[in-house]
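Here is a short walk through one structure. Follow it with the model open beside you.

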Amino acid sequence: MTLAVRYTSARTLDTAPVQTVPPGPGDVEIAPAFVGICGTDLHIFHGDMDARVSAPAVLGHEMSGRIVRVGEGVEGWAPGDAVTVMPLRWDDTCPACRNGHQHICQHLDFIGIDSPGAMQQRWTVPASTLIRLPDSLPLDQAALVEPTAVAVHDVGRAQVREGERVVVVGGGPVGVLIALAARAAGGDVRVVELNAHRRSLAEELGLSTWDPAATDVSALVSEWTADAGADVAFEVSGAQGGVDTAVDVLGVRGRLCLVAIHSRPREVNLHRFFWRELTLVGARLYDRSDFEKAVSLVAEGAVPADRLITKIVPLTDAPAAFEALEGGGNVMKILVDCTDEAQGAVQ
């Protein structure tokens, strides 16, 4: 048996022993070290994804750990290897897969949502999902590789180029990671964020920020760009005001990358799209190249993951950590320590 954090019903989590799954052919068994709690996990916790998540469900997909066992036929991996997981299983038969877009397979199994996740002491996954981590990268920082891969994919979808003016609307964990990835790609970046704590953290990381409650962001962009407007905007806030800002700041032929999940339809100024020939792109998940780039960004310090970790809690305290994250503002990333040493191995 292994100890796991399980979603059982809306706003209810527990920590309980679950059956250890031995690695079959092509699988590996991992001892997760650290698992991040993300916005999707909170959506599950709130009961918003009950149509998709089968309770009791083991959560978690932002992780790092080490291999403990390999299944038959697995080559190139050995016990002790440090890894993270690209938590996607696709069918390779649907139209999306046949057109080379396996990461948005029309029958995608997102591991940690559609099937058991990493918030447990032992976790078995296909070897094909593994991403190697450098031995020099601390495992707590490596748990941020997955959300960094999201940011890398977003920046790639928006095609951020050297010297372009970039506005990131929303300075939470994903927004800050997008800003850092855009900066690494050569963008000149501004972060728009209401919360003072998040603005302060972004500024400590060398990012310039604007408070939309205290100033006219569109006017600032006009001044910054000599009336040209931004080349790229990322909507990461999930709010109507964020949508409005992201559209308003763009210049002629600007690109809007939609990152946030909006639970209901939003009004969009389509006349602005017509008048300035704007482009809207959606961005969801990542592919292997995004993950490999993310590993490099975190390992090299372009993404200072240690500065984004607010606190680390033992697996048995994970339910309380979910409640702490609901307050949002003064918390960036909470990691769950799943190591045996953190709470004692379950036999």
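The largest cavity has a volume of about 50 Å³. A search of the whole structure finds one cavity of 30 Å³ or more. On a 1 Å grid over the protein atoms alone, a cavity is a set of points where a 1.4 Å probe fits but cannot get out, and lining residues have an atom within 4 Å of a point. Grid points are joined across faces, edges and corners, and a volume is the space filled by probe spheres set on the points. The largest cavity is lined by Leu144, Pro147, Pro173, Leu177, Leu308, Met332 and Lys333. By class, that lining has six nonpolar, no polar and one charged residues. Ala, Val, Leu, Ile, Met, Phe, Trp, Tyr, Cys and Pro count as nonpolar, Asp, Glu, Lys and Arg as charged, and the others, Gly among them, as polar.

This is a predicted model: local features need pLDDT of at least 70, side-chain atom pairs count only at pLDDT 80 or more, and totals for chains, interfaces and linings use all residues. Residues are numbered from 1 along each chain as its sequence is written, and side-chain values use heavy atoms, with hydrogens and water left out.

Next, the second largest pocket. A pocket is an open set of points with protein on both sides within 12 Å along at least five of seven lines. About 250 Å³ of space lies in this one. Its lining counts 16 residues, with Val21, Pro116, Gln120, Trp123 and Thr124 nearest the centre. Strand 9 (residues 123-126) gives the largest share of the lining, three residues. The lining divides into eight nonpolar, five polar and three charged residues.

Now turn to helix packing. Two packed helices are described by the angle between their axes and the distance between the axes. Helices (H or I, at least four residues) and strands (E, at least two) are DSSP runs, numbered from the N terminus. Axes are lines fitted to C-alpha atoms, for helices over the stretch in contact, and angles run from 0 to 180 degrees between N-to-C directions.

Helix 4 (residues 145-158) packs on helix 10 (residues 288-300) at about 115°, with the axes 8 Å apart. The two are therefore roughly perpendicular (65 to 115 degrees; under 35 is roughly parallel, over 145 roughly antiparallel, the rest oblique). Their crossing is right-handed (the near helix is turned clockwise from the far one by less than a right angle; anticlockwise is left-handed). The contact residues divide into eight nonpolar, two polar and three charged.

Helix 4 also packs on helix 5 (residues 173-184). Here the axes come within 8 Å and cross at roughly 55°. This pair is therefore oblique. The contact joins Pro147, Thr148, Ala151, Val152, Asp154 and Val155 of helix 4 to Leu177, Ile178, Ala181 and Ala182 of helix 5.

Finish with the backbone. Most residues other than glycine have a negative phi, and most peptide bonds are trans. The bond from alanine 55 to proline 56 is cis, with omega near -5°. Proline 56 sits in the loop between helix 1 (39-45) and strand 4 (57-58). Glutamine 159 has a positive phi of about 55°, and lies in the loop between helix 4 and strand 11 (165-169). Arginine 253, in strand 15 (residues 250-258), has a positive phi of about 60°.

Technical notes
Contact means heavy atoms within 4.5 Å.
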